[in-house]
Amino acid sequence: MVTADILSKAAASFDFDVNTLEFVSHSTNVVYRLPKNNEYYFLRISVKPLAYAEKIHAELEWVHDLVHHGVNASLPILTKDQQLTAVFEKDGQCFIAAVFRMAPGKFFDKGNPHLWRTDIYHAWGETMGKMHKHSKSYKPLVKGRQRDHWSKSGFSNPNLQRGKYRVLLEKLGSLEDQIDSLPREDNAYGLIHNDFHPYNFMIDGDTITVFDFDDCIYGWYALDIAIAAAHAV
């Protein structure tokens, strides 16, 4: 649970008024919306082990770089100390705060031709293509501070070791073994969003702005395409 004390510290770190925070959601992270100077931003607080702060920093560093290379993504905002994150520890827990500029536009609506049409698919693919192109040359600023690489699922739930579940698990394992044997060449493998579906971008006219990079990993560019294609269908 994110306490009022943590929220106050996080808001102060990014120079926001804590009294303006509006709760948005609590799933993987706790998210609040906050206004400043007639614009809206999102405060994201992740409750993770302290060591994971480096992973989050690597995510934000990449997104920051993507935006400055022309990719339409929700820009991470720096703290007053010019850092990408603010980290707080309390009662044995670690709270990692980040703030993003709100993406312009609206969510998709399959029944609205202005918010779901052929142009959106083109913008979706173009934005992803720009991300992948830049990913091929991207190098983290600090060696060793980077996102995880794709890995096999490794399910350990004993309930999946019986009957039909076991058959499915064996099929999954076989597929993942095949995937794991694929070459990890620069033209095919790099940093990807890994969750690039319509609920993770906003539509503004004929452009989109992508956000929610907290699942990003080093993986095959084809994986990003496959995830998008599955959602598109």
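Author: We can go from the whole chain down to single residues.

Author: Keep in mind that this is a predicted model.

Reader: Ok. How many helices and strands are there in the protein?

Author: The protein has five helices and ten strands.

Reader: What share of the residues is buried?

Author: Of the 233 residues, 40% are buried. The protein exposes about 13300 Å², and 53% of that area comes from carbon and sulfur atoms.

Reader: What about contacts between residues at least 6 apart in sequence, how many join residues at least 24 apart?

Author: That holds for 68% of them.

Reader: Charges next. How many positive and negative side chains?

Author: There are 25 positive and 29 negative side chains. The centres of the two sets lie 3 Å apart.

Reader: Now a helix. Which residues of α1 are buried?

Author: Helix α1 covers residues 4-13, and its buried residues are Ile 6, Leu 7, Ala 10, Ala 11 and Ser 13. Viewed down the axis of α1, they fall within an arc of 160°, so they line one face of the helix.

Reader: What do those buried residues pack against?

Author: Four strands: β2 (30-36), β3 (39-47), β5 (86-90) and β6 (93-101).

Reader: What comes just after α1?

Author: Asp 15 is there, with a positive phi of about 65°.

Reader: Different topic. Where is Ala 51?

Author: Ala 51 sits in the loop between β3 and α2, the latter being residues 53-67.

Reader: Is Ala 51 buried or exposed?

Author: Exposed: the relative accessibility of Ala 51 is 64%, and the cut-off for exposed is over 50%. Ala 51 and Cys 94 are 43 residues apart along the chain, and their C-alpha atoms are separated by 9.3 Å.

Reader: And Ala 222, which helix is that in?

Author: Ala 222 belongs to helix α5, residues 221-232. Ala 222 is exposed, with a relative accessible area of 52%.

Reader: How far is Ala 222 from His 197?

Author: Ala 222 and His 197 are 25 residues apart in sequence, and 14 Å apart in space from C-alpha to C-alpha.

Notes: Residues numbered from 1 in each chain as written. Predicted model: local features only at pLDDT ≥ 70, side-chain atom pairs only at ≥ 80, totals over all residues. Heavy atoms only, no water. Helix = DSSP H or I, 4+ residues; strand = E, 2+ residues; numbered from the N terminus. Buried < 20%, exposed > 50% of the residue type's maximum accessible area, 1.4 Å probe, protein only. Contact = heavy atoms within 4.5 Å. Areas by Shrake-Rupley, 256 points an atom, 1.4 Å probe, with all protein chains shown as cover. Lys, Arg positive; Asp, Glu negative; His and termini not counted. Charge placed at Lys NZ, Arg CZ, Asp CG, Glu CD. Arc of directions from axis to C-beta.
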